[in-house]
Amino acid sequence: MCRHAAITGWGFCVPEKVLTNYDLEKMVDTSDEWIRTRTGIVERRIASSDQTTSSMGVIAAQRALDKAHLAAIDLDLILCATCTPDHLIPATACLIQHELGAVNAAALDINAACSGFVYALVTASQFIMSGTYDRVLIVAAETLSRFVNWQDRNTCILFGDGAGAVLLEATDQDGGLVSSVLGAQGDVGRLLTIEGGGSAKPANPDTLANGEHCIRMKGNEVFKFAVRSMGQTAKQAIDKAGLKPEDIRKVIPHQANIRIIKATQEALGIPWEKVFVNVDRYGNTSAASVPIALCEFLETEEVSPGDNLLFVAFGGGLTWGAAVVRWIDVESHISERVEGPYAI
Ligand SMILES: CC(C)(COP(=O)(O)OP(=O)(O)OC[C@H]1O[C@@H](n2cnc3c(N)ncnc32)[C@H](O)[C@@H]1OP(=O)(O)O)[C@@H](O)C(=O)NCCC(=O)NCCS
């Protein structure tokens, strides 16, 4: 029997507070028109003072478990993809594990910035396909608003907060992760960084005064890297799956900028209707963007067993990744789970 790693649960959580472009006009020298035309973003969600990466992650995770009809104690592993963890130690995945009561699960964080969800998806799938684990929960959660310099118009207009979670399970149905491509290129040019607060630059009055605990970005260079890497990586993942772009039911790209998404669509030569977009409502939620988009896609469109979805992302690091995932018959998987080979 062939073991596949398939998506059987999903959920997301975004803060209630909405920050519009018009709100930003009152904070920095910008305009709704500039932000819309350069990025496609109209509004983004901002965490309230009592919300954290882990608290949003827990809500998204519980929704994913409910969707899959599983309890937290059934989990073998929790991976949290984040570059805005609650703390350096403990890992945010450990906090989520505790809050969920997932006492049988190992837990660790993955930091590949905005590519984090794709990295976590591929990592989780290896644990399942190798036979090590049967159920892995991926939580991709970010609170970027706490790392944004709200006086820097180059960056503060771009980011938002939120969390998305996906449950991966072992199945003998022909589906799940079909192909993947991951890549990295050390960001020696400091295109996208948060330099302060780590061991190289521990927090001190100077790092605080210099704003080194906030995101810094050379936007135009990141833009060029993104346009190049998204199209290439997406094509490589489709090739590796033995597919053609037209075989992809929906592309679910990292939601950073509508122009980057458009360039990816053009590189693939697929119709715009095949690309899921919600960057207008959430901005760039880093690792959380792909699973939030996946959840909204699944809320709005029918997916059939055998449909191929393409996830593609780029981010700080620099990192990039793409994965083709074939949808399985989730309902029959859940109903067979009670008695089948993966019975709890
Ligand atoms: C940031 C980004 C939207 C800027 O768009 P751009 O077309 O590249 O614009 P530029 O950087 O060339 O800047 C053009 C001008 O707009 C100005 N500008 C920057 N932010 C602005 C804002 N919020 N409002 C008004 N003007 C702004 C710049 O200062 C610059 O002015 P100048 O020419 O007088 O110096 C775009 O580069 C981008 O999306 N990059 C990728 C960012 C990203 O995705 N990061 C996360 C990676 S996961």
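**Conventions.** I am working with a predicted model, in which local features need pLDDT of at least 70 and side-chain atom pairs count only at pLDDT 80 or more, while totals for chains, interfaces and linings use all residues. I number residues from 1 along each chain as its sequence is written, and side-chain values use heavy atoms, with hydrogens and water left out.

**Domains.** I looked up the division of the protein and found domain 1 at 4–174 and domain 2 at 178–326, with bounds that come from an automatic or database domain assignment. Their centres, taken over C-alpha atoms, are 14 Å apart. I then looked up the interface, where 47 residues of domain 1 are in contact with 45 residues of domain 2 (contact means heavy atoms within 4.5 Å).

**Five-stranded sheet.** I traced an open sheet of mixed pairing in the order β1-β7-β6-β4-β5; strands (E, at least two residues) and helices (H or I, at least four) are DSSP runs numbered from the N terminus, and two strands pair if DSSP finds at least two bridges between them. β1 (4–13) and β5 (106–110) each have a single partner strand, so one side of each edge strand is left without a neighbour in the sheet. Inside the sheet, β4 (residues 77–81) and β6 (residues 135–143) run parallel and are joined by five bridges, and I noted I78 opposite L137 in β6. Helix α11 (residues 289–300) lies across β1, β6 and β7 (161–171), at about 90 degrees to β1; axes are lines fitted to C-alpha atoms, for helices over the stretch in contact, and angles run from 0 to 180 degrees between N-to-C directions.

**Four-stranded sheet.** I found a further open sheet, again mixed in its pairing, in the order β8-β13-β12-β11. Its edges are β8 (176–184) and β11 (248–253), each with a single partner strand, so one side of each lacks a neighbour in the sheet. Neighbouring strands here are turned by 10 degrees against each other on average, direction ignored. Eight bridges join β12 (residues 308–315) to β13 (residues 319–326) in an antiparallel pair, with G315 opposite T319 in β13. Helix α5 (residues 116–129) packs on this sheet, touching β8, β12 and β13, and its direction makes about 130 degrees with that of β8.

**Helix α8.** I followed α8 across β8, β11, β12 and β13, where it runs at about 150 degrees to β12. α8 (residues 219–240) also packs with α9 (residues 258–268) at an angle of about 40 degrees, their axes 9 Å apart.
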